[in-house]
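Please keep the sequence and the 3D view open while reading.

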Amino acid sequence: MSITKKRLLLVSLSLLFTLICTEIGLRLTGLPKSEFAGWKAKNHPESELNQFGFRGKKLESTKDDFVVVLLGDSFVECVSSPIDKIPERLLEDELKALGLPAKVVSLGARGYGQDQQLLALREFFQDHRADLVLLWVVPDNDVWNNIFRTHYGGRPPKPTFRLEGDELVPPEWEWLKRLEPAGLAWAWRLVTSFEGYDKDWEKFLPPPYQPPSEPPGSEPDLDWQRKWDDDPYFRMEEFNTDRHHKTLHLEPRSERVSYGVRLTSRLLQEIQKLSEERGASFSILYTGVWEGDAFDRPIDDLHWYELNGKFYGYSMVAYWKNLRQLYDPFPRFIIPCTVEDWKVSEKDLHFNEKANAQLMKDLAAEVAKRLSLRG
């Protein structure tokens, strides 16, 4: 064997040995725990990040302060607004105007579901306290954010809980039971795609919605097809996996959505339990009109859409059944948005500054009212 080939062999063996040692080290230590275990706020200056890695003001509280944790996702991070106009700042100002010595801290980032919210709250409670934990729910994507390991395949995998029966199983690396080698798999994924994590993960999930390939009795609506043809954002919706913003509306409910609703409910229970164990009240924040009670009676509201040769049954009755199963067991603040022009833009359906100001003002009033009743 030539000297060049020997050197190449030695380098290859050395690299393999390094990867194996890294793999063993990762398994023994339970790493990675930060970037590889999920993500926090991205692409913000350091001055706009609190000590927990989320967009917002650093929490500096005393024992006399009324500390509110605003837990959520992109609606809490609020990238479209300047830092002094994000919901955290608006809510704190409104609570102080009502006489409460409030300090509000944000724990939320784009793409978050209740899984990462739970872990962020655990980290917060290691060294801090709270009087109230507010979880700003976004039902149209929270459930599938909890089901999958990435957000549209575009971010590194996150800690993902799963259910065995009704038992909530923590992310694998917390118990050194990963479904793939942490070191070698990451080296491979970095040069391929994060989408593979979801494909591997789907092996453990129930089947998604099964759209019929024959048209139903009524004439199907072609609006979804037009959006698919014209709107690149709509084409990001994964109708074949139940990772899309219509999934809670589909009838009949798929086994995967049923699983996702149960998984989300268990995560909400864990967040409530953790909050109350640490001396904080817990409430869900729903920023819409709560219409669940209107759908107790049977209503034939099934509306069919055709998309790429398949047919999808869309039902508001199904949607509200899902929401009631998710949120009825928990205390709630129902704060409807009353601003007519509420969107950031036609392509960005987050709340704009005017809408956030109205929501946080009304929320502060409801928080103060509940505290006065309790006191």
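A residue counts as buried when its relative accessible area is under 20%. The model discussed here is predicted.

In α5, the buried residues are P139, N141, D142, V143, W144, N145, N146 and I147. That is 8 of the 9 residues of the helix, so α5 is largely enclosed by the rest of the structure.

## α5 against α10

Helix α5 spans residues 139-147, and helix α10 spans residues 316-327. Their axes come within 11 Å and cross at roughly 65 degrees. Angles of 65 to 115 degrees count as roughly perpendicular, so α5 is roughly perpendicular to α10. The crossing of the two is left-handed.

Which residues make the contact? From α5 come P139, D140, D142 and V143. From α10 come Y319, L323, L326 and Y327. By type, the residues of this contact divide into 6 nonpolar and 2 charged, with no polar ones.

## α4 against α9

Helix α4 covers residues 114-127. Helix α9 covers 255-277. The axes of α4 and α9 come within 9 Å and cross at roughly 15 degrees. Angles under 35 degrees count as roughly parallel, so α4 is roughly parallel to α9. This crossing, too, is left-handed.

On the α4 side, the contact uses Q114, D115, Q117, L118, L121, R122 and F125. They meet T264, L267, L268, E270, I271, L274 and S275 in α9. The residues of this contact divide into 7 nonpolar, 4 polar and 3 charged. Why do places three or four apart matter when reading such lists? An α-helix has 3.6 residues a turn, so residues three or four places apart point the same way.

## T241 in its loop

Where does T241 lie? It is in the loop between α8 (223-230) and α9 (255-277). Is T241 buried or exposed? Its relative accessible area is 7%, so T241 is buried.

The side chain of T241 makes a polar contact with the side chain of E238, at 3.0 Å. Leaving aside neighbours within four places in sequence, T241 is in contact with F148, E202, P208 and R256. One of these, R256, falls within the 255-277 range of α9.

Definitions and conventions: Residues are numbered from 1 along each chain as its sequence is written. This is a predicted model: local features need pLDDT of at least 70, side-chain atom pairs count only at pLDDT 80 or more; totals for chains, interfaces and linings use all residues. Side-chain values use heavy atoms; hydrogens and water are left out. Helices (H or I, at least four residues) and strands (E, at least two) are DSSP runs, numbered from the N terminus. Buried means under 20% relative accessible area, exposed over 50%, partly exposed in between (1.4 Å probe, protein chains only). A polar contact is a pair of N or O atoms within 3.5 Å; within protein, one must be able to donate a hydrogen and the other to accept it, and residues adjacent in sequence count only if both atoms are side-chain atoms. Contact means heavy atoms within 4.5 Å. Axes are lines fitted to C-alpha atoms, for helices over the stretch in contact, and angles run from 0 to 180 degrees between N-to-C directions. Angles under 35 degrees count as roughly parallel, over 145 as roughly antiparallel, 65 to 115 as roughly perpendicular and the rest as oblique. A crossing is left-handed if the near helix is turned anticlockwise from the far one by less than a right angle, and right-handed if clockwise. Ala, Val, Leu, Ile, Met, Phe, Trp, Tyr, Cys and Pro count as nonpolar, Asp, Glu, Lys and Arg as charged, and the others, Gly among them, as polar.
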